[in-house]
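This report describes how the parts of one protein chain pack together.

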Amino acid sequence: MEELRKLEQKIFEGYQVGQGDVRFLMEADLEHLKQAACEIRRHYSGRELLFCGSIVCPYGREIDVEEIRKEGLQLVSHGARRADLDMRHNPLDQRQVDALCEACRWLTRNTGLDTSLSHARLTQEQFCQLRQAGLKRYHEFIGVCRSRFDKLASRFLRLSYDEKIEVLKSAKRAGLEITSGGFVDVGETTEECNELVLESRDMGIAGLLIRSPEWIWNVPSSRLREWNPSVPLEDFMRRMAIARFIMPKVVLVVDWGVRAKLPEYTRRLLESGANGIMTGLDAEAFGVTYEDDLDIVREMGFVIA
């Protein structure tokens, strides 16, 4: 525990965790590691927790501004502070980008939601246009570290690793915050998860989303229940705690797919350094309700940010 305390104090003084430190964290006592990760989280974000809702635009469909407005109002009624507009890599022409701008302006003006956009391959000029309309950040899900991307992720993600990095760079040059994420349980090792987190930090990622393989399939409602995780809970918790050491200031978000299959993981991952949860209509279809999420948030003493 003493060595963990020393590393924790160095982080408070601005130190960045390196590969050698990660190897040490891999061997540290899990309970002590979780405790230290939560202390780092509290140091930088207090009791704040991000409660983010997802508004999905199904692949192949036009942008429906009215539907986005309705779902945005629903998210606000359930306590969400951020809305992520998930384009699912729909090909977007300028007319649809204009529609997204209209939706962002309306959400900002009428709901106060902090808006983000995900999985939309746009130009830097289009990102600038959306930022001027009120968009705050862009999310591009990388999924797996560079060294294993072709083996584990290329078969179900539409863009290559380098293409994803280039989109994130374009969004960042346009003045947007950038966020990303990683899969759990697609054949990756804990070491490879740590590698992705280190890569994400070096890119200047402001938030990291932890997703289950539900996102691989086109129809999650028919496939998520077939997922039987092979990664033990202890490994999930260690990965989250190490991510907090590597990225002490960022928002670490647990996706609804993990919580739908493994409800107890919400609490356990929040106990390991996470400080965000993703919710939305897709989550409710699996019985992950806003009320259940909010109950856990309150019981654990978090304040929605």
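## Helix packing

Helix 1 crosses helix 3 in a right-handed sense. The model is a predicted one. The axes of helix 1 (residues 2–12) and helix 3 come within 10 Å, with a crossing angle of roughly 20°. Because angles under 35 degrees count as roughly parallel, helix 1 and helix 3 are roughly parallel to each other. On the helix 1 side, the contact is made by Leu4, Arg5, Glu8, Ile11 and Phe12. Helix 3 contributes His32, Leu33, Gln35, Ala36, Glu39, Ile40, His43 and Tyr44. By class, the residues of this contact divide into seven nonpolar, three polar and three charged.

Glu39 sits in helix 3 (residues 30–45). Is Glu39 buried or exposed? Its relative accessible area is 18%, and the cut-off for buried is under 20%, so Glu39 counts as buried. Setting aside neighbours within four places in sequence, Glu39 is in contact with Arg5, Glu8 and Phe12.

Helix 4 (residues 65–77) packs against helix 5 (residues 94–110) at an angle of about 30°, and their axes are 9 Å apart. That makes helix 4 roughly parallel to helix 5. Their crossing is right-handed. Val65, Ile68, Arg69, Gly72 and Leu73 of helix 4 meet Ala99, Glu102, Ala103, Trp106 and Leu107 of helix 5. This contact of helix 4 with helix 5 has seven nonpolar, one polar and two charged residues.

For helix 2 (residues 19–27) and helix 9 (residues 190–203), the axes come within 11 Å and cross at roughly 140°. Helix 2 and helix 9 are therefore oblique to each other. Helix 2 passes helix 9 in a right-handed crossing. The residues in contact are Gln19, Val22 and Met26 of helix 2, and Thr190, Glu191, Asn194 and Leu198 of helix 9. Three of the residues in the contact of helix 2 with helix 9 are nonpolar, three are polar and one is charged.

The table sets out the geometry of these pairs.

| Helix pair | Axis distance | Crossing angle |
|---|---|---|
| Helix 1 and helix 3 | within 10 Å | roughly 20° |
| Helix 4 and helix 5 | 9 Å | about 30° |
| Helix 2 and helix 9 | within 11 Å | roughly 140° |

## Overall make-up and cores

The protein has 15 helices and nine strands. Of its 305 residues, 58% are buried. Among contacts between residues at least 6 apart in sequence, 78% join residues at least 24 apart.

In soluble globular proteins, nonpolar side chains tend to be buried together. Here the largest nonpolar core has 91 residues, and those with the most contacts inside it are Leu85, Met87, Leu117, Tyr138 and Phe245. Helix 11 (residues 233–246) gives the most to this core, with nine residues. A second, separate core has five residues, among them Cys52, Leu209, Val253 and Met278.

Which residues does Phe245 contact, leaving aside its neighbours within four places in sequence? They are Leu4, Leu7, Ile11, Val17, Leu25, Leu33, Ala36, Ala37 and Ile40.

## Single residues

Gln96 lies in helix 5 and is buried, with a relative accessible area of 6%. Apart from residues up to four places away in sequence, Gln96 touches Arg61, Glu62, Ile63 and Pro91.

Leu270 belongs to helix 13 (residues 264–270). At 1% relative accessibility, Leu270 counts as buried. Its contacts, neighbours within four places in sequence left aside, are Cys38, Arg41, Leu49, Asn275, Gly276, Ile296, Met300 and Phe302. Leu270 and Met300 are 30 residues apart along the chain, and their C-alpha atoms are separated by 8.6 Å.

His119 is in the loop between strand 3 (114–118) and helix 6 (124–132). The relative accessible area of His119 is 0%, so this residue is buried. Its phi is near 60°, a positive value in a residue other than glycine.

Methods. Residues are numbered from 1 along each chain as its sequence is written. This is a predicted model: local features need pLDDT of at least 70, side-chain atom pairs count only at pLDDT 80 or more; totals for chains, interfaces and linings use all residues. Side-chain values use heavy atoms; hydrogens and water are left out. A nonpolar core is a set of buried Ala, Val, Leu, Ile, Met, Phe, Trp, Tyr and Cys residues joined through side-chain atoms within 4.5 Å. Buried means under 20% relative accessible area, exposed over 50%, partly exposed in between (1.4 Å probe, protein chains only). Helices (H or I, at least four residues) and strands (E, at least two) are DSSP runs, numbered from the N terminus. Contact means heavy atoms within 4.5 Å. Axes are lines fitted to C-alpha atoms, for helices over the stretch in contact, and angles run from 0 to 180 degrees between N-to-C directions. Angles under 35 degrees count as roughly parallel, over 145 as roughly antiparallel, 65 to 115 as roughly perpendicular and the rest as oblique. A crossing is left-handed if the near helix is turned anticlockwise from the far one by less than a right angle, and right-handed if clockwise. Ala, Val, Leu, Ile, Met, Phe, Trp, Tyr, Cys and Pro count as nonpolar, Asp, Glu, Lys and Arg as charged, and the others, Gly among them, as polar.
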